[in-house]
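Hi,

Here is the structure I said I'd pass on.

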Amino acid sequence: MIDTHIHLQHPDYADDRQATLARAVSAGVHTVIVPGTTIEDSRAAVSLATSSDPGKTWSLFAAVGIHPTEADLLDAAAIDTLASLASFGGVVAVGEIGLDYYWPGVATRLWQCAAPDVQRLAFGRQLALASELHLPVIIHDREAHRDTMDLVRSWKARDPAAMGVFHSYAGGTDYLQEVLALGFYIGIDGPVTYRRATGLQQLVREMPIDRLLLETDGPYLAPVPHRGKRNEPAYLVHVAECVAKLRDLSLSSVEAVTTENAQRLFTRITSPG
């Protein structure tokens, strides 16, 4: 299987990163994509990807980008740096990019968060960068569905080859058909296993299986039975099992089709398993 979204450069993995990967392989997850959220975070993702050993026990790939909450950091120099980082063969996407209207509205947060207008500008510039680099995008969309779709639709109109995934999809069935019509994929992670996530579970039942990607978003959003703990790629099997149950498919079928989906979107991936 392929974990299409795992923040393996996060400090939470500093003490046991190699052991985490070993557990992933034992669980059947041989390939992971590590997205960046800032310039330094993207550098760390690329460093992990370039220091891995693709084609053997496990493979690490990277995505480079600036997260919407960090959009204040995106200037001309940052764009140039992202483009330079993307020249490494282990980079398979531009991401994690997008819009997040939740955090700007949290008055009690203790950190600076980019305003929505700044986020929109940064998102548009990084979509354009993805077109220049001929790479797909990994989109973060939190409580900003309409604006996210408007920007993606405009991008697709300018670049018909544009492609990507809505990571940790939260747009519900209201936006499902529009996402599918644009040719995009949908990332499903731990919340699909939560008892009250009935809307997300129904979406998984209804959507085309050939547009579904599996992800952990570790260290966040651990699935049942590990909810509340640090998430890791080995737990992807619980997401896959839930999808299999919802779709009335075998686990092996879900593993095979989602791996094929990931390889079709992220064309630079070569997977050992």
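Before the strands, one term: two strands count as paired if DSSP finds at least two bridges between them. Keep in mind that this is a predicted model.

With that in hand, strand E3 (residues 59-64) and E4 run parallel and are paired over 3 bridges. Val-64 has Val-94 in E4 as its bridge partner. Helix H5 packs on the sheet, where it touches E4, E5 and strand E6 (164-166), and its direction makes about 155° with that of E5.

Zooming out, the sheet is open, with 8 strands in the order E1-E2-E3-E4-E5-E6-E7-E8 and parallel pairing. Strand E1 (2-3) and strand E8 (212-214) are at the edges with a single partner strand each, so one side of each has no neighbour in the sheet.

Next, helix H4 (residues 116-133). Its 18 residues reach 25 Å from first C-alpha to last, close to the expected 26 Å. Buried residues of H4 include Phe-123, Leu-127 and Ala-130, and the cover over its buried residues includes helix H3 (76-85), E4, E5 and H5. Just after H4, His-134 takes a positive phi of about 60°.

And the inside? The largest nonpolar core has 75 residues, with Val-137, Phe-184, Ile-188 and Leu-214 making the most contacts inside it. Helix H8 (residues 236-247) gives the largest share of this core, 8 residues. Another core, of 14 residues, lies apart from it and includes Ile-33, Val-92 and Phe-266. Back in the largest core, Phe-184 is worth a click: its contacts beyond four places in sequence include Val-137, Trp-155, Phe-166 and Arg-211.

Cheers

Note on methods. Residues numbered from 1 in each chain as written. Predicted model: local features only at pLDDT ≥ 70, side-chain atom pairs only at ≥ 80, totals over all residues. Heavy atoms only, no water. Core = buried A, V, L, I, M, F, W, Y, C linked by side-chain atoms within 4.5 Å. Buried < 20%, exposed > 50% of the residue type's maximum accessible area, 1.4 Å probe, protein only. Helix = DSSP H or I, 4+ residues; strand = E, 2+ residues; numbered from the N terminus. Contact = heavy atoms within 4.5 Å. Expected span 1.5 Å × (residues − 1). Axes fitted to C-alpha atoms, helices over the stretch in contact; angles between N-to-C directions.
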